[in-house]
Every structure is written in C-alpha cells, then in structure tokens.
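Below are a few exercises, each with a solution to follow step by step.

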Amino acid sequence: MKKTFLKLSAASIGALHCVNKYIDNSVSNNTKKIAGKKYCWKNGNIFYRVAGKGEPVLLLHNLNVFCSENDWNQVLPLLAETNRVYTPDLIGCGRSDKPSETYTGYFYVQMITDFVKNVIGERTTVVASGINAVYVMMANSLDEDLFDQIILINPPSLSSLKKMPDQHSKILLRLFGLPVIGKTCYYIAVNKTNTEDYFSEKVFFNPFQVKQQTVKAGYQAAHTGNGGGRYLFASLEGGYLNADPTEVIRKNNKNVTLVVSEHLPGAREITEKYMALNDSIQTCTLKNTKMLPELEAPELVATTIKKIMDKCENI
C-alpha cells in the first residue's frame, strides 16, 4: 500500500511538473522582445526603459504580479516629449529577476533608492502607483536628496497597511515555495480567467474598456520568469509588504501630490487620512478611473503629471 501511494504521488508530481513546463514554454514563445536596459542590482537584475531628454521622471508601476513597467506604455512617450523618463520593472515583476525570497517593504525602499542613485544619478520627480507610494515616502525620509517632487497615485489606505504577517502567512510562503506544487498553485492563481477578472473587476472603472492586449501583457508579466512571481505573490498575500507610513507622511516637507481615482474603493477616506497627517499634501481627482489610471486613462494621467510638475516648478 505504501509503495503504491508513493508511486501515485510521484506520478502526480511528475504530471504537474509537465503541465508547469508546458505553461513556461508557451509564455516564453509568445513573449515579445522589448528593447530596454539592465541595472545589475545587488539582489537581481532590473529591466528598465528610458526615453526622452530633460529633467528626470521616475515612473513606478503598482506592485502586483500582473503589473510591470508596461503599465506606463502609453504615458511614457507623452512625458518623454519634455522629460527624461525611466520605467523599471520592480524586482519580482515583469522582465526583472524574481529571486526566491520573502519580499518586504524595506526591500523595495532599498531598490528605489539604489535605482535613483546609480541609474538616474540625480534628484528626480517620482510618480508611484499603489503601495509603492509608501516605499517612496520611506525612501525620501531616509534620503531627502532623492526626489524633487513626489506624486502618489492611488496609495493604499492606512488601515490596510497595518495587517502584519501571521501563522497563515508563514504557511502560504512555505506552500508557494515548494518547487512543483507551489508553482502549480501559483499558476492556478494567475490563470487567464483570474487575470481577466483582475483587470475587469479591480483595475478598470469601465470593464468594457479592457483590451485583450492589456490582459495578455498582465498574464505574461505574471508568468515570465518560470513561475518566480510566486514569491512576490505569497509575500503580498501574507502581508509581508505592509508598512506603516504614518510618521514619514507626518514629517514630510517635500512637494507631495496625492492623485486619487474617483472610483477607487475608499478614495475619500484615503484622501482624508493622508491630508490629516500632513495638510501640505496637495490632492487631485481623476474622474472615471479606478485602480490603475495609467492603463485606463493614460493621456489624462500624463496631462495631470505635467500640470503638477509645472505648478511646483512655478511656486
């Protein structure tokens, strides 16, 4: 009986491995080559694009396995008309390396800091989407020479950032860290149906505006790297990337603009809580958009960023 069970287990794992391999190969064969550069960071290689001339602008995509620097694809050329624009894939996302480790907020604070210092090489305007807004504020508090202006697009609610890892988080990390089973669980979580649901239900205000190329790009971002995205996925789900930015927001003395989508869940609360901590924060609302306006309304986002930069320069 024991031998039979072991044989069945081995056969099942072998079958799962074959399925995983098939998915890896299909994604690899369908992924288009995109011209870009590579920054050899201490914790992995970072893929990034740079375009335009002038004062630097750093665009940071939302931290999610479906997200990548490709989210700025339509914003990049509009800003590059007047500025030198950088769009990196954060470690664990897109075409950057996806090392096997537990990701934390401070990991990305370090990454952002080193990218500005070693790649851009001067103070920059930074536009951060989602939870990266928190890491940008933390990086700024540690080194005030990094940024000229800070633009935060749809940062998370402060209450959501207080959830800390628990026993369930540790189990999740172990499960997704398993070579075959963990990879299979991850591929189930980021399958095509779930990818489509992510964009139509969470990202876009108008689900009918979701294009197949957007879904395809998100699916490829999640699958590039032979399932390495599962480590970021487990870290996010387990709360390891949460960090309380209350003090750094309260003590901030930089030009900070909070850009919040009209239909983002909890938009009003987010705006009120951030402004309550620091009343010098400027605010702006993007109509008819939800989680990722850089995908849903790129022209509006580019115009808004330009207006914010021009206004701050003229103060």
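**Exercise 1. Which residues does Val127 touch, not counting residues up to four places away in sequence?**

Start with the contact list: Val127 touches Val57, Leu58, Leu59, Leu60, Trp72, Ile151, Ile153 and Ile305. Contact here means heavy atoms within 4.5 Å.

A word on the ground rules before going on. This is a predicted model, where local features need pLDDT of at least 70, side-chain atom pairs count only at pLDDT 80 or more, and totals for chains, interfaces and linings use all residues. Residues are numbered from 1 along each chain as its sequence is written, and side-chain values use heavy atoms, with hydrogens and water left out.

Helices (H or I, at least four residues) and strands (E, at least two) are DSSP runs, numbered from the N terminus.

Then check its cover. Val127 has a relative accessible area of 0%, so it is buried. Buried means under 20% relative accessible area, exposed over 50%, and partly exposed in between (1.4 Å probe, protein chains only).

Finally, pick out Ile305 from the list. Val127 and Ile305 are 178 residues apart in sequence, yet their C-alpha atoms are 8.2 Å apart in space. For the whole protein, 78% of the contacts with a separation of 6 or more come from residues 24 or more positions apart.

**Exercise 2. Work out the strand order of the sheet and find its edges.**

Step one: the 8 strands form an open, mixed sheet in the order 1-2-4-3-5-6-7-8. Two strands pair if DSSP finds at least two bridges between them.

Step two: look at the ends. Strand 1 (37-41) and strand 8 (282-286) each have a single partner strand, so one side of each has no neighbour in the sheet. From one strand to the next, the twist averages 25 degrees.

Step three: read the directions. Strands of a sheet pair through backbone hydrogen bonds, either parallel or antiparallel. Strand 1 and strand 2 (residues 44-51) are antiparallel over 5 bridges, and Cys40 has Asn45 as its bridge partner in strand 2. Strands 6 and 7 run parallel over 5 bridges, with Ile153 opposite Val259. Strands 7 and 8 are parallel over 5 bridges too, and there Val259 stands opposite Cys284.

Step four: how enclosed is strand 7? 6 of its 7 residues are buried, so strand 7 is largely enclosed by the rest of the structure.

**Exercise 3. Which strands does helix 4 lie across, and which of its residues are buried?**

Helix 4 (residues 132-142) lies across strand 3, strand 5, strand 6 and strand 7 (255-261), at about 160 degrees to strand 6. Axes are lines fitted to C-alpha atoms, for helices over the stretch in contact, and angles run from 0 to 180 degrees between N-to-C directions.

Now go residue by residue: Asn132, Ala133, Val134, Tyr135, Val136, Met137, Met138, Ala139 and Asn140 are the buried ones. That makes 9 of the 11 residues, so helix 4 is largely enclosed by the rest of the structure.

**Exercise 4. Why are the buried residues of helix 5 on the same side?**

First list them: in helix 5 (residues 167-177), Ser169, Leu172, Leu173 and Phe176 are buried. They span an arc of only 100 degrees around the axis, which puts them on the same side of helix 5; the arc is that of the directions from the helix axis to the C-beta atoms.

Next, the cover: it includes helix 6 (181-189) and helix 9 (229-237).

Last, the N-terminal end: Asp166 caps helix 5, with a side-chain oxygen 3.1 Å from the backbone nitrogen of His168. A polar contact is a pair of N or O atoms within 3.5 Å; within protein, one must be able to donate a hydrogen and the other to accept it, and residues adjacent in sequence count only if both atoms are side-chain atoms.

**Exercise 5. What does the side chain of Ser235 reach?**

Ser235 lies in helix 9, and its relative accessible area of 0% makes it buried. Its side chain reaches the backbone nitrogen of Tyr103 at 3.0 Å. Beyond its neighbours within four places in sequence, Ser235 has contacts including Glu101, Thr102 and Leu173.
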